[in-house]
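Thank you all for making the time this morning.

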Amino acid sequence: MADSPAAASRFLRTTGQHATIEPDPFTDGGYVLSIGGAEQSHVNLADPGDIFYEYLRRIGHVVDLAAPWGEPISALHLGAGALTLARYIQATRPGSVQYAVELERELLDFVLAQMPLPAGTQLHTLIGDARAALAELPAELRFDVVILDIFSGPEAPEHIACTGFYQEAAARLTARGVLIVNVGDEPGLTLVRSQVAALRRAMADVSAFAEAGMFTGRYPGNIILTGTQGPWPGMWTAALTARGPHPARVLSGVELDVMSE
């Protein structure tokens with residue numbers, strides 16, 4: 001960390017909660033960001049290419065497929081957290097140009113002060129609402145990956161959890177670009193189902209990637225939705241299933257119909 005491995009805390013005025021960053025006793029170089037007492041992110045400063053949380057690792061695997069391995073990309077992160085994925089992209093694709101949008105100014109300042117980004121990282125930060133910030137970006141900017149990591153339960157901001165927002169995000173993609181959405185949901189997967197339907201209206205094709213048991217709808221957890229601008233590549237299903245974390249399952253095409261409203 002910037003000064004020492006001791007725990008640090010910061011009050012977040014927007015939410016009225018405290019954010020803390022503490023060393024992970026089980027991972028050398030690992031730190032955990034918590035907000036309001038709930039763990040939010042994990043960063044391995046010693047090895048940013050190592051992602052601890054399963055859902056973030058799955059997103060990382062999708063990013064791996066978005067362009068040839070090691071090639072720099074352009075990435076937009078809507079929801080910054082501890083910038084785990086920004087660090088991962090810099091580690092695996094040096095020279096990438098990235099933007100991150102975060103609603104909490106204090107959180108972003110706190111994370112960057114306590115856990116500075118690796119040297120050479122080209123990250124531009126914006127403070128504000130994800131949809132508003134998307135509209136304020138320079139008109140010519142296009143991204144190979146747009147990652148939305150805001151939804152953390154059945155209640156989601158209506159102006160973001162909708163087709164209109166996904167259409168605006170899709171308009172920011174390069175020709176090869178993909179839109180990746182992490183949806184945290186509860187049993188029944190009501191939010192996941194609504195977002196599959198909304199994303200399908202905005203993108204040419206959509207897939208869902210998660211721990212296999214999540215698709216039963218019996219458990220709370222995270223499902224990663226990916227929108228593509230052409231047909232979902234069948235080889236991506238095989239690659240993501242093989243990479244895990246295991247047991248992993250990918251639904252696309254008619255298999256995904258059961259997840260639509």
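Predicted model: local features only at pLDDT ≥ 70, side-chain atom pairs only at ≥ 80, totals over all residues.

Residues are numbered from 1 along each chain as its sequence is written, and side-chain values use heavy atoms, with hydrogens and water left out.

I will start with the aromatic residues. Rings of Phe, Tyr and Trp, the last taken by its six-membered ring, are paired if their centres lie within 6.5 Å, and the pair is stacked when the planes are under 30 degrees apart, edge-to-face when they are over 60, and tilted for the rest. By that rule the structure holds four aromatic pairs. One of them joins Phe 52 and Tyr 53, whose centres are 5.9 Å apart with 50° between the planes, which makes the pair tilted. Phe 52 is partly exposed, at a relative accessible area of 46%, whereas Tyr 53, at 15%, counts as buried.

How are the rings of Tyr 99 and Phe 143 arranged towards each other? Their centres are 5.7 Å apart and their planes stand at 80°, so this pair is edge-to-face. To place these residues I need the elements, which are DSSP runs numbered from the N terminus, helices being H or I with at least four residues and strands being E with at least two. Tyr 99 belongs to strand S6 (residues 97-102) and Phe 143 to strand S8, so that the pair links parts of the chain 44 residues apart. Both Tyr 99 and Phe 143 are buried.

Now to the charged side chains. A salt bridge here is a side-chain nitrogen of Lys or Arg within 4 Å of a carboxyl oxygen of Asp or Glu, and the count by this rule comes to eight. In one of these, Glu 71 meets Arg 176 with the closest N and O atoms 2.7 Å apart. Glu 71 sits in the loop between helix H1 (54-65) and strand S5 (74-78), and Arg 176 in strand S9 (residues 173-185), a separation of 105 residues. Arg 176 also forms a salt bridge with Asp 144, at 3.0 Å from N to O. Since Asp 144 lies in strand S8 (residues 143-151) and Arg 176 in strand S9, this pair ties together parts that are 32 residues apart in sequence. As for accessibility, Glu 71 is partly exposed at 29%, Arg 176 is partly exposed at 34%, and Asp 144 is buried at 7%.

A further salt bridge joins Arg 249 and Glu 255, at 3.9 Å from N to O. Arg 249 is partly exposed at 37%, and Glu 255 is partly exposed at 43%.

Next, the helices. Helix H2 (residues 84-92) is mostly covered, with eight of its nine residues buried, among them Leu 85, Tyr 88 and Ile 89. In helix H1 we find Leu 56, which is buried at 4% relative accessibility. Leu 56 and Ser 41 are 15 residues apart in sequence, with their C-alpha atoms 9.1 Å apart in space.

Finally, a few backbone details. Which peptide bonds are cis? The bond from Gly 244 to Pro 245 is cis, with omega near 0°, and the bond from His 246 to Pro 247 is cis with omega near 0° as well. Pro 245 lies in the loop between helix H7 (234-243) and strand S12 (248-252), and Pro 247 lies in the loop between H7 and S12 too.

Leu 83 is not a glycine, yet has a positive phi of about 65°; Leu 83 lies in the loop between S5 and H2 and is buried, at 2%. Leu 189, not a glycine either, has a positive phi of about 55°, lies in the loop between S9 and H6, and is buried with a relative accessible area of 0%.

How values were computed: Buried < 20%, exposed > 50% of the residue type's maximum accessible area, 1.4 Å probe, protein only.
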